[in-house]
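Hi,

Here is the structure I promised to pass on. Have a look when you get a minute, and my notes follow below.

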Amino acid sequence: MISWSETFENPVEQGFQSTAYPIFQYEGCKVSESLDVNVALGPRSYHISVVSNQFDQFADTLENWMNQNPAYRNALADGSKTAFIVTDRNLSTLHTPAIEKSLKSNDWKFETAIIEPGEKSKSLDVISSLYDRLVAMKADRQTVLIAVGGGVTGDAAGFVASTYVRGLPFVQVPTSLLAHVDSSVGGKVGVNHPQAKNLIGAFYQPLGVFIDTSTLETLPVRDYRSGLAEVVKYGVILDSRFFHYLEQNIEALNQRDPDVLRQVIARSCELKAEVVEQDEHERSGLRAILNYGHTFAHAFEALCGYGELMHGEAVSIGMIYASYLAEKLDLISHQETERQIRLLEALGLPVLLPKGTRLDTDQIIDRMKLDKKTVGGKLRFVLPTCLGRVEVFKEIPESRVREVLEELAHPAATDDDFQI
């Protein structure tokens, strides 16, 4: 395990109590080849295994999780080892065969369903086809559903697991950095409705999450960098020393060094788990802190046209806009915004909208008012008060938001701080 010290600050004053999650002892720390993160949710608790080049150990890890869970322990004792793998066409010949090989070596019976990559697979038609496959294989409540892929596969497969026979054991094998540190942690599963994304879904915790950093070796560079934006976000909102660690390991992150990646992924998962444990079903609003930069980002994604900006790229830009807004409100210094800019740029991420992009300020604000944090048409933002701490601010003056949008849309030519 990682060696630790100290505790991080309480990120939201209204009710968030830190459970004293420790912070890295960054110096002189022996790097472990296998890190384990516990998500403590009572009877729904589970483990996240973070490893490198250990897909051959997947079946052993799965069986260990099942033996630790009273609901599934008897299935192994009775020799009932059946699985249903859901993956996308891109991964069906890339990483999925390693999962299949590990299951075969432990005498598991399984079938594999292949869906198309992309948001179009988060539809009820695709879900229905997966139900049909489960019916045909006579799946029961001991059949383990294994999702191998990015966020889309995890969301769709998780929704199937949450609803088929009122619940199948579900294992996430995320293959993108964004899925490693975000969508695979927290139990959100669901599909899209023609009128809105993720409108149909549930909170359904997995049996476990198996993260192997070797999947990042084949990830396209733009997708990889998009995931790094969410990693940086965790440092800004919850852990200033983690942010500093990222600053000190830029080259290793850009080279996708597995030792550094295991630590970075494990810490990101721990930080999200800390929030999820306090607000599993988004009842208290504490999960809102995970949306730092997202109010701007979602508006930019929509108005630029989905696909023009990757989600992580939009989040990177949105964090800088949010940080600049925090400056306008005298919450932080410009130096703290500069540190975010330098780190994001060093990781190959944008901090301004693409050159030549012209978005109407009124349209941006109208789009931001559709954000799920908005109450009664009043804009709310997650803003930093220092690196490692954020709060949710209500009723931000719209005039200040307009200032940020207009100033960053036309940054001064002599201001190097806001050059992409």
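This is a predicted model: local features need pLDDT of at least 70, side-chain atom pairs count only at pLDDT 80 or more; totals for chains, interfaces and linings use all residues.

T143 first, then. Its relative accessibility is 2%, so T143 counts as buried, the limit being under 20%. Leaving out residues up to four places away in sequence, T143 touches T82, A83, F84, M137, L168 and P169.

Now for the annotated site. The UniProt record, an unreviewed entry, lists E230, H294 and H311 under "binding site". These three span 82 residues in sequence, but no two of their C-alpha atoms are more than 10.4 Å apart, so they gather at one spot.

Two of them in more detail. E230 belongs to helix α7 (residues 221–238) and is buried, at 0% relative accessibility. Beyond its neighbours within four places in sequence, E230 has contacts with L178, V181, D182, H294, H311 and V315, so the list includes both other residues of the UniProt entry.

H294 lies in helix α11 (residues 294–304) and is buried too, with a relative accessible area of 5%. Not counting residues up to four places away in sequence, H294 touches E230, K233, H311, V315 and D371. With E230 there is also a polar contact, side chain to side chain, at 3.3 Å.

Cheers

Definitions and conventions:
Residues are numbered from 1 along each chain as its sequence is written. Side-chain values use heavy atoms; hydrogens and water are left out. UniProt positions are given in the numbering used here, feature names are shortened, and annotations may be inferred rather than shown by experiment. Helices (H or I, at least four residues) and strands (E, at least two) are DSSP runs, numbered from the N terminus. Buried means under 20% relative accessible area, exposed over 50%, partly exposed in between (1.4 Å probe, protein chains only). Contact means heavy atoms within 4.5 Å. A polar contact is a pair of N or O atoms within 3.5 Å; within protein, one must be able to donate a hydrogen and the other to accept it, and residues adjacent in sequence count only if both atoms are side-chain atoms.
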